[in-house]
Amino acid sequence: MAKIDAGSLIKKIEKSQMRTDLPSFSAGDTIRVFLKIQEGAKTRMQRIDGIVLRVRGKGSSKTFILRKESSGIGVEQSFNYHSPLIIKIEVVKKGKVRRAYISYMRERSGKSARVKVKN
């Protein structure tokens, strides 16, 4: 009887669950995420615009943190990149930052919270 390689079996299952329709983005980019929200028996679409603080992981465990300012209060949300709840992602602006995790944006608001745009 042939021995089953658990690692390759897991990779094969993960590959079938991964999405290929989403764009690539990194920290500092401004993106627009369209989510599927379920409220009771109804489902609706919600749009969240914000700046990406961090992209972490690879494969099916890839996640990103999105930050937006709502009425002067910073709101952060973490998403799984390959989640079926994400309808689509649009990259609005490519940002030019020097770090992979721009946690310093948490202390900033207004004009100081701007990120340079890539040319």
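Over how many bridges do strand β1 and β5 pair in the antiparallel sense?

1. Basis of the note. This is a predicted model, in which local features need pLDDT of at least 70, side-chain atom pairs count only at pLDDT 80 or more, and totals for chains, interfaces and linings use all residues. Residues are numbered from 1 along each chain as its sequence is written, and side-chain values use heavy atoms, with hydrogens and water left out.

2. Pairing of β1 and β5. Strand β1 (residues 30–39) pairs with β5 in the antiparallel sense over six bridges. Phe34 has Lys88 of β5 as its bridge partner. Strands are DSSP runs (E, at least two residues), numbered from the N terminus, and two of them pair if DSSP finds at least two bridges between them.

3. The sheet. Five strands form an open sheet in the order β4-β3-β2-β1-β5, with antiparallel pairing. Its edge strands, β4 (73–80) and β5 (86–93), each pair on one side only. Direction ignored, neighbouring strands of this sheet are turned by 40° against each other on average; the axes are lines fitted to C-alpha atoms, and angles run from 0 to 180 degrees between N-to-C directions.

4. The β3–β4 hairpin. Strand β3 (residues 63–70) and β4 pair in the antiparallel sense over eight bridges, and Thr63 has Asn80 of β4 as its bridge partner. Two residues lie between the strands of this hairpin, and Ser71 in the turn has a positive phi of about 60°.

5. Glu107. This residue lies in the loop between β6 (95–96) and β7 (116–117). Glu107 counts as exposed because its relative accessibility is 66%, the cut-off for exposed being over 50% relative accessible area (1.4 Å probe, protein chains only). The C-alpha atoms of Glu107 and Gly74 are separated by 9.4 Å, the two residues being 33 residues apart along the chain.

Methods: Helices (H or I, at least four residues) and strands (E, at least two) are DSSP runs, numbered from the N terminus. Buried means under 20% relative accessible area, exposed over 50%, partly exposed in between (1.4 Å probe, protein chains only).
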